[in-house]
Amino acid sequence: MSVHTDSLWGGALEKIKTWARVNSPWAIHYNSGSCNGCDIEIVATLTPRYDVERFGIKLQGSPRHADVLICTGPVTLQSRDRLKRIYEQMPDPKFVVAVGSCATSGGVFQGCYSVVGHIDEVIPVNAYIPGCPPRPEAIIDGVVKLLASLQAPAKAKK
Amino acid sequence: MRALFNLLFFPGGLFLIVLALAYEWVDRKLLARFQNRIGPRWFQTVADIVKLLVKEEITPATAHPILFGVLPVVAMAGALTAALYVPLLGFRPAFSFKGDLIVTLYLLSLLTMSIGMAGWNSTSRFTMMGATRALTQLFSYEAPFMLALLGPAIVAQSWQISEIVAANQGPWLLLTQPFGFVVALIGLMGKLEMPPFDAPKAKTEIVAGALTEYSGRGLGLFHLGKEMELVVGLTLIAALYMGGIANPLEFFGKTLLLLVILSTLHAILTRLRIDQTVGLWWRYGAVAVLLQWLALIAWKGIVA
Amino acid sequence: MKFGTMLIDVWQSFFTKPVTQRYPFERLEAPDQYRGKLVWTAGKCNGCCLCMKDCPANAIELITIDKKAKQFVMRYHADRCTYCAQCVQNCRLECLGMSHDQWESAALKRQDFVVNYGSEADVAHILATYGKPSAEPAATSATE
Amino acid sequence: MSTDLVLQKVETLLAGFAKGTAKPEPNRLDLNIDASDLIAAITALRGARWGYLAALTGVDLGKEANQIEALYHLCEGDAIATLRVRVPRAGGAVPSVYALHPNSMFFERELMEMFGVTVTGLADTSHLFLPDGWPDGMYPLLKDTDVKAAAARTMGSEPPEMGRQGDRFIVPIGPQHPALKEPGHFEFAVDGELVTGATVRLGYVHRGIERACEQQNYTQNLYLTERVCGICSHSHANAYVNGVEQLAKVLAPPRAQAIRQLVACLERIHSHFLWLGVAAYEAGFETLLMYSWRDREVVMDVLEQMTGNRVNYSASVLGGVKYDVTAAHAAAIRRAMDTIEERATHYLHVVTTDTSFLARAQGIGVTSTEEADALGLLGPTLRAAGVTRDVRVDAPYGSYQQFPVTASVDSAGDLAARFKVRMLETLESVRVIRAILDGLPEGDLTVKFPRKIPAGETISRFEAPRGELFYYIKSNGTDKPERVKIRTPSICNWIYVLTKAVGSQMADVPPLLAGIDPCFSCNDRMIVVNRHGGDRRIWTREDLRRHASTQTRR
């Protein structure tokens, strides 16, 4: 396949890749010091009333299997390097969703001595969902916005 | 040429991949509906596999790189070749020779063996425990499962699947050999590590069992191999125990009925510990099948 | 010791409609007391700053442009706010309220969360003096 | 026996040691004790089987007094005896009471880490709450410590290499693991499928709340204490509010008290249904997770309608309640209670009869009544072992006299008993909610509350869904508290998990972990546990192996 026809074939391949990534975002959840209010709302999105499996989101156990890292909490000093290590374990392409006011800005725990503050001081974050805790619908709305943003630049990136 | 067609398109590769993905979707959708939720969209399993194949592949430093890459291919190959001997979709099996039932059984257990090897090869602690559990479970369900499938062979006095199916035209063997059918079905659940026998890949204990270190292509191939094995296993049990498969409609009817039974068991039971599953097999599974064999041989001896 | 006590449950739910609420396509209203995003009405505020004093996450900054003429701009950090409504409880002049329908406030960049409430002239004035409202904590109430 | 008689009994028992006694509140007795007499005093109390060690609070009395006060709180029914031991600020020492009260190991570690008081005779002295790289000699709860500098130095420190193998095969259930909703690092030394050693390193959720409480005013602290734990947020907020109202000698109006109890019972239902799903999921029963969380949404909707948020309700305010229960809310709650009652009875039936479930829950982590009491367990874990200890029954606060609650108890002491006790508690909550809705007193919602609280100290105990919550609040006349001590129930249940994990199957460890319904964000602990039984000696690996081999009976 010579190079100049690559754009036609490459374009179709790129479209399929993005389609697959947007339609089966496997997620992994890490609580970096949250009060577990946001964590029970994240698990609530998996249960029958909200059921994110209709978007293809499945909670995975190992960082190797996951594409989206959903993390909560104001990143305590102790869990700071673990958060970085998990982010590095995940294969590309990977995305990070910060759920809750603590993950977005430290929330009530700003200024506590054993707290780093917000998630994007440790790892790059793609979507922020404020709320204390955000409703399960707000979490789904955040993930939908993230997935929509994946599709948009895919066309612009060429 | 026909063999290449069989291998690549009809009972083998492409067709089996599509069928495997469809059956996985049916399984996930059934489970979701049992749990009162909507469940995945129709193209979900295709999207999963495509995404896995285009994902970055990470090979752990401590693992043997060639072995790490080859094992998923071996696993899927095992399931693919087993499909050639099984009357998929009601048509005559692509190849059949004397004793192909035994070959199919060993091909089916090739996948579990390669998962065990993959677990040993990637030396993280979770995969080690996952591998030991997978192999312990393999040794515990393999014997009763094989004995259960050989029951109809004794009645038909041959080891060839097509002959066995032809000979057992009378009442479904489901009725005459109930123990054999139950053990075969439960054995298939054990082979596929479907809950309640999913101790080897118990998410809450050992993360993802033997496949924890796999990502991208390796994980996709293992996943696909397992789904193919589900399809092949269901057709095998349907062919032997439910009076053979004449046409595609009967094929889908019988295998989907078995799948519904498997999904119901998946939905209503708690995961058993590895020592409980092994105990269950040797205490009840093996004894039931041996009793049935005794009855068969006695009946064969008197009548024939 | 019964086997499969959940069997009836499972088959009943198989034949009934799933309870899933198809969120983005079918959006149910939040209850009217739901504590969503904070809304500030400039009208009656006299700049007492009691709301700022008791906010546990210092998410509100009241910037006074002209105390006598009651010209204020409220800079509200939606990402810091914990939606506890203590400011609404403190404000005796009822200027603050929690909107019950603005809870879909996910964003892809942190800067989108800072909101400046006040009349257009005041807000423009504030933006001019402080420049872009960066995510970092801006100076607290600097009197003109 | 009335509270005064119970307190008199303490006075007579400790007459020899007490240097001075005081009765600040009718149900509280303070005794000043020297550090040297501490062991003798507690042995006397333990000999007379008087109460359990509820908490150990450290208070920094400031630079000029140059002293730190360690308060040993012992509770029996609604009586609280506090042994006050003063030690010099630099180099003070206190003997360890681990031999008498096993759960004191955590409290003493916390005292050592936060105040610098050395506790002699303690087996393990590594960091408990604080992050690994925390500089030595910096004690965060001392008033003059520069915590910002200490935090900066920790940020720069190199994280230790985890998972040192040694000769044993150690399975790490790390801070990120599907079994854990919250971060905690467990290392189980495994021999095949058998667990022979267990260590837990928590501290991943330590945010320094007690220090932050001292720098914010009372109203802001209400929302800080509410976010100690997301699932029992109302319990923390209420325990704090009860304490501050006792200090300010202001009583919330009866309607507000009743609404607080109503929200507390609704929270107990939502917390128990949540736990039912998570614990079943740990054992591999995914369908029960889906069903119990689907039915839990009914209670979440009612809470959202009434208080405006599904999880952090912020219902209580100092001196009353924010939201009123209108007729519409009451009707919605009654409808919700009908479905909850019907589902809870169904789950009680499933949990006590389903064969495959009982195979994973019966006979796991069995605790006898004496052992549970000796270990100092709390909450449903204790009540499942036959000890009827429930703060709502022993020391009713707020409107619990008006709407009494009966404690639900079971005597089997294993994991299945814990499922049963929690379901019985849910049904009991449904009954109490209906009683409250019928007898909701009229009246206004809040009462005027001073911004500055007069100096004093108080103890407020509250029965959270996981056990007894213990708050010690000291005020100094300004609008900021002097000291807020939070002792959460899950701390005392940890020792149970680790003693039972040793010798059990690896597959039983996650359900055991979930059995006590641990709330990591409530507490952060690191304990090295050796097999704890009648004899207190440290077990060598050989003992464990021999003990483990006798345990494999399945």
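## Close-up views of a predicted four-chain model

**Figure 1. A strand pair in chain D.** In this predicted model, D:V59 finds its bridge partner in D:E69, a residue of β4(D). The two strands shown here are β3 (residues 52–60) and β4 (residues 67–76) of chain D; they run antiparallel and are joined by eight bridges. How many residues of strand β3 of chain D are buried? Nine of the nine are, so this strand is largely enclosed by the rest of the structure.

**Figure 2. The largest nonpolar core.** Let's step back to the core, which counts 347 residues. Those that touch the most other members are A:L69, A:V97, A:A98, B:A83, B:A184, B:I237 and D:F188. Which helix supplies the largest share of this core? Helix α9 (residues 254–282) of chain D does, with 17 residues.

**Figure 3. A glycine in contact with two chains.** Look for A:G107 in the loop that links α4 (101–105) to β4 (127–129) of chain A. Is A:G107 buried or exposed? It has 31 C-beta neighbours inside 10 Å; the cut-off for a buried residue is 20 or more, so A:G107 counts as buried. Setting aside neighbours within four places in sequence, its contacts in chain A are A:P74, A:G100, A:S101, A:C102 and A:C132. From chain C, the residues C:A57, C:R80 and C:T82 are in contact with A:G107 as well.

**Figure 4. Where chain C meets chain A.** The contact draws 26 residues from chain A and 23 residues from chain C. On the chain C side, 14 of the residues are nonpolar, five are polar and four are charged.

**Figure 5. Chain C on its own.** Chain C holds five strands and four helices, in the order α-β-α-β-β-α-β-β-α along the sequence. Its radius of gyration is 22 Å, well over the 15 Å that the globule rule gives for 144 residues, so chain C is more spread out than a compact globule. The C-alpha trace spans about 75 × 35 × 30 Å along its principal axes. Of the 144 residues, 37% count as buried. Among contacts between residues at least 6 apart in sequence, 73% join residues at least 24 apart.

**Figure 6. Where chain D meets chain A.** Here 34 residues of chain A are in contact with 43 residues of chain D. On the chain D side, the elements giving two or more residues are α5 (147–156), α6 (209–215), α7 (218–226) and α10 (286–307). Of these, α5(D) gives the most, with six residues. The chain D side divides into 24 nonpolar, 10 charged and nine polar residues.

**Figure 7. Confidence along chain A.** The average pLDDT of chain A is 86, and 92% of its residues score at least 70. Strand β3 (residues 95–99) of chain A has the highest mean, 93, while helix α5 (residues 136–156) of chain A has the lowest, 83. Over residues 154–158 of chain A the pLDDT falls below 50, and this stretch has two contacts beyond near neighbours in sequence. A friendly caution applies: where pLDDT is low, the predicted coordinates should not be read in detail.

Technical notes: Residues numbered from 1 in each chain as written. Chains lettered and ligands numbered in written order. Predicted model: local features only at pLDDT ≥ 70, side-chain atom pairs only at ≥ 80, totals over all residues. pLDDT = per-residue confidence, 0-100. Contact = placed C-beta atoms within 7 Å. Nonpolar A, V, L, I, M, F, W, Y, C, P; charged D, E, K, R; others polar. Rg over C-alpha atoms; globule rule 2.2 N^0.38 Å. Buried ≥ 20, exposed ≤ 12 C-beta atoms within 10 Å, placed from the backbone. Pairing = 2+ DSSP bridges. Core = buried A, V, L, I, M, F, W, Y, C linked by C-beta atoms within 7 Å.
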